[in-house]
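Please read them with the coordinates open.

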Amino acid sequence: NMIAFDLIQHLNVIPMSVEKPTTKPSNGEIKRWLDQHAVLINGKKPTSKETIEFPITQFVFFPKSNRKTTVI
């Protein structure tokens, strides 16, 4: 098990920053994504401090967006 924020921090493939396009997202921005439910992991929308259970079968950033949805 791993905390959601730590999991995303360790991924090498994540979307670019929404706040500062063409750059990597800051730690604060990643926490906001999680706390605002913009990340879907295994069908759930965890907060930045929730524990994620393995194996991970679904990973979606911005699932409600028509343009920004990113599936890993």
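The points below go from the whole chain to single residues.

1. Basis. This is a predicted model, in which local features need pLDDT of at least 70 and side-chain atom pairs count only at pLDDT 80 or more, while totals for chains, interfaces and linings use all residues. Residues are numbered from 1 along each chain as its sequence is written, and side-chain values use heavy atoms, with hydrogens and water left out.

2. Overall fold. The chain has two helices and five strands. Helices (H or I, at least four residues) and strands (E, at least two) are DSSP runs, numbered from the N terminus. Their order from the N terminus is β-α-α-β-β-β-β. The radius of gyration is 11 Å, close to the 11 Å that the globule rule gives for 72 residues, so the chain is as compact as a globular protein of that length. That radius is taken over C-alpha atoms, and the rule is 2.2 Å times the number of residues to the power 0.38. Along the principal axes, the C-alpha atoms fill a box of roughly 30 × 25 × 20 Å.

3. Burial and surface. Of the 72 residues, 31% are buried. Buried means under 20% relative accessible area, exposed over 50%, and partly exposed in between (1.4 Å probe, protein chains only). The chain exposes about 5,000 Å², and carbon and sulfur atoms supply 52% of that area. Accessible areas come from the Shrake-Rupley method with a 1.4 Å probe; for residues, only the protein chains shown count as cover.

4. Contact range. Take contacts between residues at least 6 apart in sequence: 40% of them join residues at least 24 apart. Contact means heavy atoms within 4.5 Å.

5. Core. Which residues have the most contacts inside the largest nonpolar core? They are Ile8, Trp33, Leu34, Val39, Phe59 and Phe61, in a core of 14 residues. Helix H1 (4–10), helix H2 (27–35), strand E2 (39–41) and strand E4 (59–61) each give two or more residues to this core. H1 supplies the largest share, four residues. A nonpolar core is a set of buried Ala, Val, Leu, Ile, Met, Phe, Trp, Tyr and Cys residues joined through side-chain atoms within 4.5 Å. Beyond four places in sequence, Val39 touches residues including Ile8, Trp33, Leu34, Phe59 and Phe61.

6. H2. Its buried residues are Glu29, Ile30, Trp33 and Leu34. They cover an arc of only 140° around the axis, which puts them on the same side of H2. The arc is that of the directions from the helix axis to the C-beta atoms. These buried residues pack against H1, E2 and E4.

7. Sheet. Three strands form an open sheet in the order E2-E4-E5, with antiparallel pairing. E2 and strand E5 (70–71) are the edge strands, each pairing on one side only. Two strands pair if DSSP finds at least two bridges between them. E4 and E5 pair over two bridges. Val60 has Val71 as its bridge partner in E5.

8. Ser48. Outside four places in sequence, Ser48 touches Ile3, Ala4, Phe5, Lys31, Leu34 and Asp35.

9. Backbone checks. Most residues other than glycine have a negative phi, and most peptide bonds are trans. His37 counts as partly exposed, at 37% relative accessibility. Asn42, in the loop between E2 and E3, has a positive phi near 50°. Asn42 is partly exposed too, with a relative accessible area of 27%. The peptide bond from Phe54 to Pro55 is cis, with omega near 0°. Pro55 lies in the loop between E3 and E4.

10. Lys68. Lys68 sits in the loop between E4 and E5. At 39% relative accessibility, Lys68 counts as partly exposed. Leaving aside neighbours within four places, Lys68 is in contact with Val18, Phe61 and Phe62.
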